[in-house]
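Hi everyone, thanks for making time.

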Amino acid sequence: MSLDVRREGEHEFVGRNERGASVRIGRKGAPGSFSPAELLQIAAAGCAAVTAEELITRRTDAPLRVAVTADRREGASELDAVHVLFDVDLSTLPDDEREKLVAAVDRAIDRLCTVSRTLKKGIPVTEEFAG
């Protein structure tokens, strides 16, 4: 898989994949772009959503939204926790079915969500210069 990030201007970058998708990246608060920390959070929420989608949509046709927040100490250059919230109306499901669905979603994310699994595990990240 080929991914890259290219500078387009001062504090302006675009991340691209080989399938033609792109995302604007900038400093926190830059208009029209995500900060790197926001992208990390979006990746966690997106991975959870993709992993759980079929489990949820088999049981309800309610709109599915996945919200994400993070804990960060003031002035820290790291996140302390990422919180993913499934915002979907499960009120039409009986209590026992709702509990089974929540458990199935938790198991699927724990087993299959690459982003959440990686964040929980913690991995080395290396940097180097080509040439």
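Before I give you an angle, here is how it is defined: axes are lines fitted to C-alpha atoms, for helices over the stretch in contact, and angles run from 0 to 180 degrees between N-to-C directions. Please also keep in mind that this is a predicted model.

So, how do α1 and α3 cross? Their axes come within 7 Å, and the crossing angle is roughly 125 degrees. Angles of 65 to 115 degrees count as roughly perpendicular and those over 145 as roughly antiparallel, and α1 and α3 are therefore oblique to each other. On the α1 side, the contact is made by Leu40, Ala43, Ala44 and Cys47, and α3 brings Thr114, Val115, Ser116 and Leu119. Sorted by class, that contact has six nonpolar residues, two polar ones and no charged ones.

Is isoleucine 42 buried, partly exposed or exposed? Buried would need under 20% relative accessible area and exposed over 50%; isoleucine 42 has 41% relative accessibility, so it counts as partly exposed. Leaving aside residues up to four places away in sequence, isoleucine 42 touches Phe34 and Val68. There is also alanine 67, 25 residues apart from isoleucine 42 along the chain, with 8.6 Å between the two C-alpha atoms.

The largest pocket holds about 770 Å³ of space. Its lining counts 23 residues, and Leu3, Pro36, Leu39, Leu40 and Ala43 lie nearest the centre. Which elements give two or more residues to that lining? They are the strands β1 (3-9), β2 (12-17) and β3 (22-26), together with the helices α1 (36-57) and α3 (114-121). Of these, α1 gives the most, with five residues.

At least two lining residues come from each of α1, β5 (81-87), α2 (95-112) and α3. The largest share belongs to α2, which supplies six residues. By class, this lining has 13 nonpolar residues, one polar and three charged.

That's my tour, and I'm happy to go back to any part of it.

Notes
Residues numbered from 1 in each chain as written. Predicted model: local features only at pLDDT ≥ 70, side-chain atom pairs only at ≥ 80, totals over all residues. Heavy atoms only, no water. 1 Å grid on protein atoms, 1.4 Å probe; cavity = no way out; pocket = protein on both sides within 12 Å on 5 of 7 lines; lining within 4 Å. Points joined across faces, edges and corners; volume = space filled by probe spheres on them. Helix = DSSP H or I, 4+ residues; strand = E, 2+ residues; numbered from the N terminus. Nonpolar A, V, L, I, M, F, W, Y, C, P; charged D, E, K, R; others polar. Buried < 20%, exposed > 50% of the residue type's maximum accessible area, 1.4 Å probe, protein only. Contact = heavy atoms within 4.5 Å. Parallel < 35°, antiparallel > 145°, perpendicular 65-115°, else oblique.
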